[in-house]
Amino acid sequence: VVCNDRAKALLLGKKPKEARIILEEMIDRLEKSGRYKASDGIEYFDFRQPMEEALFRESYGMDKKIRIVPEPVSGLYRLYAESLYEMGEYEKSMESSNKALLWNPYKASAALEYAHCLRALGRMDEYKKYVDDIFKIAWIPEKLAGAFRCLAYYYADREEWEAAAVCDNLGRYYNPESDIARKER
């Protein structure tokens with residue numbers, strides 16, 4: 001957790017290369033340990049919020065045997081994806097976002113990171129479909145705002161200004177204090 005906090009601080013300080021080094025070391029240690037390999041029909045997940053597990057249970061049933069990992073593994077991969085995105089390594093960022101989503105299929109921040117990569121790569125049809133799917137997992141107001149901002153990008157790129165403005169307003173409704181939205185606007 002301390003390393004994640006240090007990596008977050010470096011990313012906020014616009015130092016993605018330094019954050020990447022820390023995150024790669026942590027991921028390497030995690031993957032080499034094999035600590036959370038599925039066995040005996042039990043799969044490991046990284047649900048940090050009770051709602052995430054509730055959504056998972058709704059989709060996959062109560063009988064599925066799972067264990068919750070004590071470390072924020074999904075967040076580790078999501079932060080790594082962010083560092084790669086900031087360095088322009090969009091394909092690698094998408095791979096890391098996917099790993100974050102394997103650990104927590106309801107981690108909207110990882111899905112949003114993936115969507116940003118699709119947009120950066122100009123894959124706008126995929127981007128739109130992917131963003132639409134984010135609404136199925138974005139239950140926190142800030143993540144809903146992020147999904148609406150993504151839709152605003154999509155419509156702005158298509159020069160559909162009215163739809164873009166509506167999506168931007170919905171984003172503001174769900175997160176009126178967003179510094180990100182202010183900068184993007």
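Modeller: Let's begin with E31, which is found in helix α2. Please keep in mind that this is a predicted model. Is E31 buried, exposed or partly exposed? With a relative accessible area of 39%, E31 is partly exposed, because that value falls between the 20% limit for buried and the 50% limit for exposed. If you set aside residues up to four places away in sequence, E31 touches Y77 and K99.

Two packed helices are described by the angle between their axes and the distance between the axes. Helix α2 covers residues 16–33 and helix α4 covers residues 73–86; their axes come within 9 Å and cross at roughly 145°. The crossing of α2 past α4 is left-handed. Which residues meet there? On the α2 side you will find P16, R20, L23, E24, M26, I27, L30 and E31. On the α4 side they meet V73, L76, Y77, L79, Y80, S83, L84 and E86. Sorted by class, this contact has 11 nonpolar, 1 polar and 4 charged residues.

Next, the rings. How many aromatic pairs does a search of the whole structure find? The search finds 12. One of them joins F148 and Y174, which are stacked, with 5.8 Å from centre to centre and 5° between the planes. This pair links distant parts of the chain: F148 belongs to helix α8 (residues 141–157), Y174 to helix α9 (residues 161–174), and they are 26 residues apart. F148 has 14% relative accessibility and so counts as buried, whereas Y174, at 31%, counts as partly exposed.

Another pair, Y154 with Y155, is edge-to-face: the centres are 5.2 Å apart and the planes make an angle of 75°. Y154 is buried, with a relative accessible area of 8%, and Y155 is buried too, with 18%. Ring pairs also link F45, F47, F56 and Y60 into a cluster.

Some rings have a charged residue over the face. K128 lies over the face of Y154, at 5.9 Å from the ring centre. Where does K128 sit? K128 is in helix α7, residues 124–134. R119 lies over the face of Y153, at 4.0 Å from the ring centre.

Finally, have a look at two loops. K14 is in the loop between α1 (2–12) and α2, and its phi is near 60°, a positive value in a residue other than glycine. With a relative accessible area of 67%, K14 is exposed. E159 is found in the loop between α8 and α9. The phi of E159 is likewise near 60°, again positive in a residue other than glycine, and at 58% relative accessibility E159 counts as exposed.

Notes:
Residues are numbered from 1 along each chain as its sequence is written. This is a predicted model: local features need pLDDT of at least 70, side-chain atom pairs count only at pLDDT 80 or more; totals for chains, interfaces and linings use all residues. Side-chain values use heavy atoms; hydrogens and water are left out. Axes are lines fitted to C-alpha atoms, for helices over the stretch in contact, and angles run from 0 to 180 degrees between N-to-C directions. Helices (H or I, at least four residues) and strands (E, at least two) are DSSP runs, numbered from the N terminus. A crossing is left-handed if the near helix is turned anticlockwise from the far one by less than a right angle, and right-handed if clockwise. Contact means heavy atoms within 4.5 Å. Ala, Val, Leu, Ile, Met, Phe, Trp, Tyr, Cys and Pro count as nonpolar, Asp, Glu, Lys and Arg as charged, and the others, Gly among them, as polar. Rings of Phe, Tyr and Trp (its six-membered ring) pair if their centres lie within 6.5 Å; planes under 30 degrees apart count as stacked, over 60 as edge-to-face and the rest as tilted. Buried means under 20% relative accessible area, exposed over 50%, partly exposed in between (1.4 Å probe, protein chains only). A charge sits over a ring if NZ of Lys or CZ of Arg is within 6 Å of the ring centre and within 35 degrees of the ring normal.
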